[in-house]
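Hi everyone, thanks for making the time this morning. Let's bring the model up on the screen and walk through it together.

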Amino acid sequence: PETLERVWNSMQQVMKEGALDSATKELIYVAVSMTNSCEYCTRSHTVAAKKKGATDEMIKEMIDVVGMANQNNKLVEAYQVEVDDIYK
């Protein structure tokens, strides 16, 4: 369908080399897909990241960062921590 074609074309543009290298973009995609619980995208973009040079160690470290960020995001929201003025 037309929507999938549009999405595919957009993804090809966004995921190509730019200010961020393509392996980094794939790792970001995996991180977001993990957080959104999309098994298909997590698996396919992990394979793509490896093809573009990401190592198993890089992927494991990225998973640790995602886990830490998700944990801290939930704690900060639950405790209703206000944003410091220096970050506004």
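Let's begin with helix α4, where I59, M62 and V66 are buried. Please keep in mind throughout that this is a predicted model. Look at the spacing of those residue numbers for a moment. An α-helix has 3.6 residues a turn, so residues three or four places apart point the same way. What covers the buried residues of α4? The cover includes α2 and α3, the latter running over residues 39-51.

While we're on α4, here is a quick check on its geometry.

Now let's see how α2 sits against α4. Helix α2 covers residues 22-35 and helix α4 covers residues 56-78; their axes come within 10 Å and cross at roughly 45 degrees. That angle is why we call α2 oblique to α4. As for handedness, the crossing of α2 past α4 is right-handed. Which residues make the contact? From α2 we have L27, V30, A31, M34 and T35, and from α4 we have M58, I59, M62, I63, V66 and N70. Sort them by class and you get nine nonpolar residues, two polar ones and no charged ones. Notice that the buried I59, M62 and V66 are among the α4 residues in that list.

Next, please turn the view to α2 and α3. Here the axes are 8 Å apart and the packing angle is about 160 degrees. Angles over 145 degrees count as roughly antiparallel, so that is how α2 and α3 run relative to each other. This crossing is left-handed, whereas the one between α2 and α4 is right-handed. On the α2 side, the residues involved are A23, E26, L27, Y29, V30, S33 and M34, and they meet C41, T42, H45, T46, A48 and A49 of α3. By class, that contact holds eight nonpolar, four polar and one charged residues.

Is M15 buried or exposed? Its relative accessibility is 11%, and because buried means under 20%, M15 counts as buried. Leaving out neighbours within four places in sequence, M15 is in contact with S22, K25, E26, Y29, H45 and K52. For a sense of distance, take M15 and M58: they are 43 residues apart in sequence, and their C-alpha atoms are 18 Å apart.

K52, one of the contacts of M15, is worth a look too. You'll find K52 in the loop between α3 and α4. At 38% relative accessibility, K52 counts as partly exposed. Again setting aside neighbours within four places, its contacts are M15, S22, A23 and E26. K52 and S22 are 30 residues apart along the chain, yet their C-alpha atoms are separated by 6.8 Å.

Most residues other than glycine have a negative phi, and most peptide bonds are trans. Where does S37 sit? It is in the loop between α2 and α3, and it has a positive phi of about 60 degrees although it is not a glycine. S37 is exposed, with a relative accessible area of 65%. The other spot is Q80, in the segment after α4. Q80 is also not a glycine, and its phi is positive, near 50 degrees. With a relative accessibility of 67%, Q80 counts as exposed.

Definitions and conventions. Residues are numbered from 1 along each chain as its sequence is written. This is a predicted model: local features need pLDDT of at least 70, side-chain atom pairs count only at pLDDT 80 or more; totals for chains, interfaces and linings use all residues. Side-chain values use heavy atoms; hydrogens and water are left out. Axes are lines fitted to C-alpha atoms, for helices over the stretch in contact, and angles run from 0 to 180 degrees between N-to-C directions. Helices (H or I, at least four residues) and strands (E, at least two) are DSSP runs, numbered from the N terminus. Angles under 35 degrees count as roughly parallel, over 145 as roughly antiparallel, 65 to 115 as roughly perpendicular and the rest as oblique. A crossing is left-handed if the near helix is turned anticlockwise from the far one by less than a right angle, and right-handed if clockwise. Contact means heavy atoms within 4.5 Å. Ala, Val, Leu, Ile, Met, Phe, Trp, Tyr, Cys and Pro count as nonpolar, Asp, Glu, Lys and Arg as charged, and the others, Gly among them, as polar. Buried means under 20% relative accessible area, exposed over 50%, partly exposed in between (1.4 Å probe, protein chains only).
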